[in-house]
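User: I am new to this structure and would like a quick tour. Can we take it in short steps?

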Amino acid sequence: MQLETNLTGAEVHRGQIWKRFKKQRVLHLFVGLGMIFLVIFSYTPMFGILMAFKDYSISDGIKGIFTSDWVGLRYFDEFIHDYQFGKIVRNTLVLSFLKVIFAFPAPIVLAILLNEVKSMPFKRFVQTISYLPHFISWVVVVGVSYAFLSADMGLVNKALLQAGFIDQPLNILTSPNYFWGLAVGSAVWKEMGWWTIIFLAAITGINPSLYEAAEIDGAGRLARIRHITLPGMKGTIVVVLVLTIGSILGGGLVGSNFEQAYLLGNSINNPTSEIVQTYAFKVGLSDGRFSYASAIDLIQSAISVILIFSSNFIAKRVSGSSLF
């Protein structure tokens, strides 16, 4: 009798689950499509990691990924002893850390400033103008950069020459000395407004009565920002920071290290524009060394995984907030 009761209860429970599933079938459809996308485009290609440890040739096709001869860590050792290794790693790290230093605080500051603006029309106008560049591709951004910064007919050089600030045009697009500043500045301009939306949402979640109480107690605007706004944003800031550090080698918060280095890089500014991603891309496609390129990318991915777990652990210990 007890067994029948249990079975009946289990059947009722399954019936409730099925009823809830049918009620939420549209949501499950969207989740299912997302999972299929991840499996096809994110997890299935991970079989290609095997190429980093094998003597793979493109003529062997997909089957060659599994049938090629093992070479162990040969390509990892080759990359570490490559004569360009020091330059490539230095450029990647410097460009990535510069983006963290300048790009990470920028949307936080902009979000706080917009929150203090009382005029809603002006606030909406600034928001729209600031996040529109996010939807522009890097190809277009580089084209605009050439129109403004070209030494021959760039608007910036023409204006500086006419104003008498310089005697000859600045080679901003070709000089190695300007590449890091150009890359960081264009990345901040392109993505700052987009990430501001995230931080504005965090500020919106702060109880307005806290500001009212602080104002009654005599707290000024800076004091309210320091003691109410920033602590209210702490959780969001920590999560975004962890994600930024985890993807720091790819550009962090503003991403696009590869696009910028590939599109803005040339043979003249190569000493500062050549990074791990562009080097792997060139040796992989141009030279057909897919195993060598896979080994380079695998090193970068392994470092990124270590960084994201380490930053999450430190953030949890220091601030009590974390991504997972």
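Predicted model: local features only at pLDDT ≥ 70, side-chain atom pairs only at ≥ 80, totals over all residues.

User: Which residues of helix α15 are buried?

Analyst: Buried means under 20% relative accessible area. Cover for the buried residues of α15 comes from elements including α4, α5, α13, α14 and α16. In α15 the buried residues are V276, Q277, T278, Y279, A280, V283 and G284.

User: Which residues do ring pairs link into a cluster with Y279?

Analyst: The whole structure holds 15 aromatic pairs. F79 and F85 form one that is edge-to-face, with 5.1 Å centre to centre and 80° between the planes. F79 is buried at 3% relative accessible area, while F85 is partly exposed at 25%. Ring pairs link Y279 with Y75, F79, F85 and Y292.

User: How many residues apart in sequence are the parts that the F53 and F76 pair ties together?

Analyst: Among the 15 aromatic pairs in the structure, F53 and F76 form a tilted one: 5.3 Å centre to centre, 40° between the planes. F53 lies in the loop between α2 and α3 and F76 in helix α4, so the pair ties together parts of the chain. Their separation in sequence is 23 residues.

User: Where is A147, and what is it in contact with beyond its neighbours within four places in sequence?

Analyst: A147 sits in helix α8, residues 138–149. Its relative accessible area is 40%, so A147 is partly exposed. Leaving aside neighbours within four places in sequence, the contacts of A147 are M153, G154 and L155.

User: How far apart in space are A147 and L323?

Analyst: In sequence, A147 and L323 are 176 residues apart. From C-alpha to C-alpha, the distance in space is 41 Å.

User: What radius of gyration does the protein chain have?

Analyst: The chain has 16 helices and 0 strands. Its C-alpha trace spans about 95 × 75 × 35 Å along the principal axes. A compact globule of 324 residues would have a radius of gyration near 20 Å, but this chain has 26 Å.

Methods. Residues numbered from 1 in each chain as written. Heavy atoms only, no water. Buried < 20%, exposed > 50% of the residue type's maximum accessible area, 1.4 Å probe, protein only. Helix = DSSP H or I, 4+ residues; strand = E, 2+ residues; numbered from the N terminus. Contact = heavy atoms within 4.5 Å. Rg over C-alpha atoms; globule rule 2.2 N^0.38 Å. Phe/Tyr/Trp six-rings, centres within 6.5 Å; stacked < 30°, edge-to-face > 60°.
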